[in-house]
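Thanks for sending this one over. Here are my notes, written so that you can follow along with the model open.

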Amino acid sequence: MSTAPWPEPPPLPPGRTILVPGRGELFVRDTGGDGPPVVLLHGWTASGELNWFLQWQTLADAGRRVVLVDHRGHGRGIRARRRFSLEDCADDVAGLCGELRLVRPVLVGYSMGGPIAVLTAHRHAGLVGGLVLAATAMEWRATIAERLGWRVQLPAMSVALRTGAARRALRRLLDRAATAAPELEPYVEWASGEAARGTVREVLDAGRALSRYDARRIVAGLDVPAEVVITTKDRLVAPEKQRAQARAFGAEPIEVAADHDATLVAGAELATAIEVAVDRLLDGREERAAS
């Protein structure tokens, strides 16, 4: 009897599980080395691998130490009994940086990863060397319409996750992306399977946490350099909100003409934009050290 071939994974850094005392076991992929550390924080419903498999190599090729981590309830992340919180994810990241002895890492947060990055810098003063915030915002609840939107979106997401509709929608997205970029075709099956690793309960809890997130006061008092990458065609995180975050940090935004699926359909362009953002932060750090 013939069997289907095992889905081929893309090139990825070596993976391992790190025990963070008081937090739990975190799955990470880590290029190692002594280059400037860059920690990649993924978005809602994704995993570190699924979010960043088209971008990590660009950052590593420049001599940086690149670390991918799976957040709680996502990918191979911690399965906790208590309700998901963005603050717990931030404390996980801080603990991981301590275990890996990462000095002043740059945190790169995409979508949900942006709030986690901001909260890590806020809750652990002096730990973070800089933030790169991509396709994300300081809040998603400023208007009545937005708050009502979450009340509709979360039940719909629950149905989609429990019935398999969300996975089928992702598969259609992957097929379209592979049509536009044939180099992705070998990884479609792998990506489809990777998306199914998260737990429905915790993914939905993560959505509820995002619906309550509002960091406008936090950002106003945060003394950490930041760069902002804006996905200018984004239909999930409005570009106006992304620009508001750039203004709050005093950052000159870097733009990528893509929707919220930029990690897949504009993988190379996003990688270049993030590399430029990281370079700006590291160059600024060198200038401050020299002055």
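1. Ground rules. This is a predicted model, in which local features need pLDDT of at least 70 and side-chain atom pairs count only at pLDDT 80 or more, while totals for chains, interfaces and linings use all residues. Residues are numbered from 1 along each chain as its sequence is written, and side-chain values use heavy atoms, with hydrogens and water left out.

2. The largest pocket. Start with W44, T45, M157, L236 and H260, which lie nearest the centre of the largest pocket among its 42 lining residues. Its volume is about 1400 Å³. On a 1 Å grid over the protein atoms alone, a pocket is an open set of points with protein on both sides within 12 Å along at least five of seven lines, a cavity is a set where a 1.4 Å probe fits but cannot get out, and lining residues have an atom within 4 Å of a point. Grid points are joined across faces, edges and corners, and a volume is the space filled by probe spheres set on the points.

3. The elements giving two or more residues to the lining of the largest pocket are α1 (48–52), α5 (144–163), α6 (165–180), α8 (200–212) and α11 (262–265). Helices (H or I, at least four residues) and strands (E, at least two) are DSSP runs numbered from the N terminus. By class, this lining has 24 nonpolar, eleven polar and seven charged residues. Here Ala, Val, Leu, Ile, Met, Phe, Trp, Tyr, Cys and Pro count as nonpolar, Asp, Glu, Lys and Arg as charged, and the others, Gly among them, as polar.

4. Two cavities. The structure holds two cavities of 30 Å³ or more. The largest cavity, about 40 Å³ in volume, is lined by L26, V69, D70, H71, R72, I78, C89, D92 and V93. Its lining divides into five nonpolar, one polar and three charged residues, and α3 gives the largest share, three residues. The second largest cavity holds about 30 Å³ of space, and its lining has seven nonpolar, no polar and no charged residues. Look for F53, L174, L184, Y187, V188, A191 and L264 there.

5. Helix α3. With 14 residues, α3 reaches 20 Å from its first C-alpha to its last, close to the 20 Å expected at 1.5 Å a residue; the expected span is 1.5 Å times one less than the number of residues. Eleven of its 14 residues are buried, including D88, C89, D92 and V93. Buried means under 20% relative accessible area, exposed over 50%, and partly exposed in between (1.4 Å probe, protein chains only). After α3 comes R101, with a positive phi near 55°.

6. Salt bridges. How many salt bridges does a search of the whole structure find? The search gives 24, each being a side-chain nitrogen of Lys or Arg within 4 Å of a carboxyl oxygen of Asp or Glu. R23 and D92 meet in one of them, at 2.9 Å from N to O. R23 is in the loop between β1 (15–20) and β2 (24–30) and D92 in α3, so this pair ties together parts 69 residues apart in sequence. D92 is buried, at 4% relative accessibility.

7. A second bridge to check. R235 and D259 form a salt bridge at 2.5 Å, N to O. R235 counts as exposed at 72% relative accessibility, whereas D259 counts as buried at 14%.

8. Aromatic pairs. There are five aromatic pairs in the structure. Rings of Phe, Tyr and Trp (its six-membered ring) pair if their centres lie within 6.5 Å; planes under 30 degrees apart count as stacked, over 60 as edge-to-face and the rest as tilted. W52 and Y110 make an edge-to-face pair, 6.1 Å centre to centre with 85° between the planes. W52 lies in α1 and Y110 in strand β5 (residues 106–110), so the pair ties together parts 58 residues apart in sequence. W52 is buried at 0% relative accessibility, and Y110 is buried at 3%. Finally, ring pairs link F53, Y187 and W190 into a cluster.
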